[in-house]
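Please keep the structure in view while reading.

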Amino acid sequence: MPKMLQATIPCIQCRQPFRVNFQNVVDAKQDPQAKMRLLTGQLNMAQCPNCGAPNTMLTPLVYHDPTKELLITYVPMELNLSKEAQEKAIGDLVKSVTSELPQGAFKAYLLQPRQALTMQGLIDQILQADGVTPEMMEAQRSRVRLIETMLEASDEELESIIRQNDAQIDTQFMQTMSLLAQRMLQEGRQGLAERLVQVQNRIVELSSFGKELVERARVQEEVIQQVADEVNALGENADRPEFMDLAIRYADDDARLQALVGLARPVFDYQFFQELQGRIGQVAAAERPKLEALREKLLELTALADQQTRAALQDAAALLQAIVNSPNPQDVIEANLPLIDVTFMQVLSANIQEAERRGDARTGERLKTIYNQIVGLLQANMPPELQFINEVLSAQTPEEARMLIAQRVRDFDGHLLEAIDAVEDQVAEQNDPALTERLNLLREEAAQALG
Ligand SMILES: [Zn+2]
């Protein structure tokens, strides 16, 4: 993996020096995210912690994509390097690429890197090698223009703009929107990013494509629910052969297979594939191609699931970065509350532990403050029943809990009982007798008080 480097640069706006991470090798195969950052103008960009201005670290750069046999060098003119210094910088970078190649992977194109004179030239060469034609680039530009028009429109205008451009709204259009929203967040333009999300929601409501998305999500949800029911029916002690039978039953149904892998990824480990291989050896010859195809499919799906997990972790890390770098973390948290999930909280906790391990008290404190702000916001957004249950469960003593219940239980209606039942279901899995006892007490009192 190409290394991240560090440098201290003065901010282009406020001149305050600050430390930035940057990279001077982009390997499209090892790190597709870095390629995306390059193509969207995000590479080596950092926000000034003092004034929030986006700064781009200028550095000689080598772009490598072994799958396309593409090696391109770029030295920003602004660096004013002498010809000799340019050649030396590029020579060193190319050497660092070739020296990391596995044995036998050296090919002739590595001896003759192409050169890009500007960043845009570099981007064009990469896109061209990806098969992106000038027409496709123009189509992308018109998507961005349409999104800009939508952002500037009033609510009434927006509705008619969406209806008029129904045919333009497709997967690529929605991807472009998400990409723009990400970029706005990174640039600290909260308000605009929020507006973009509102526009996106209207598009989902009003456009044919949006309605199709909703319907697809509904069907997918149904499939996942059905598969989850079948997995639950196997019981807690289900072993690999039982999951294998289930997978074989789903062999012709990609949606169900995908749901199965998503729900029970750990089952599909090395041993599972060994056992499946064994089964393939035992069945009649006519059955074999079906199982072999299933094996390929499952390998693909597990790789995809792992990739999605990695992507989710990277998204969470990027969001955390945006929160940490913002002069107003609370605003960024509020704007992104729907994105704050279990994965995000895991990444945040891991960062707090890492800061403590390094003895970096300042970062640790900053992260803990963010953690508390998030927990506070999440609680404030909870239904009142859940807030009340939380209060009762976190009371210091059983007496205090009893008092809280006596004082406030009449403020609620039947929803409180439903909420208690839901929490009890969750707690049952944790095997915590004290917690269970307090919930039982709450339930009895609530049932009595509510008649
Ligand atoms: Zn600054």
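## Aromatic rings

Rings of Phe, Tyr and Trp (its six-membered ring) are taken as a pair if their centres lie within 6.5 Å, and planes over 60 degrees apart make the pair edge-to-face. The model discussed here is predicted. By the rule for pairs, the count is 3 aromatic pairs.

In one of these, the ring centres of F268 and F272 are 4.7 Å apart and the planes stand at 70 degrees, so this pair is edge-to-face. For F272 and F273, the centres are 5.6 Å apart and the planes are at 85 degrees, so this pair is edge-to-face. Together, F268, F272 and F273 form one aromatic cluster.

## Burial of the cluster

F272 counts as buried because its relative accessibility is 0%. F273 has a relative accessible area of 10% and is buried, since buried means under 20%.

## Domains

The protein is divided into domain 1 (5–132), domain 2 (135–206), domain 3 (213–310), domain 4 (330–380) and domain 5 (384–449). Between domain 2 and domain 3, the C-alpha centres are 37 Å apart.

## A residue in helix α19

Helix α19 covers residues 433–449 and contains N440. N440 has a relative accessible area of 35%, so this residue is partly exposed. Along the chain, N440 and Q128 are 312 residues apart, and their C-alpha atoms are separated by 65 Å.

How values were computed
Residues are numbered from 1 along each chain as its sequence is written. This is a predicted model: local features need pLDDT of at least 70, side-chain atom pairs count only at pLDDT 80 or more; totals for chains, interfaces and linings use all residues. Side-chain values use heavy atoms; hydrogens and water are left out. Rings of Phe, Tyr and Trp (its six-membered ring) pair if their centres lie within 6.5 Å; planes under 30 degrees apart count as stacked, over 60 as edge-to-face and the rest as tilted. Buried means under 20% relative accessible area, exposed over 50%, partly exposed in between (1.4 Å probe, protein chains only). Domain bounds come from an automatic or database domain assignment. Helices (H or I, at least four residues) and strands (E, at least two) are DSSP runs, numbered from the N terminus.
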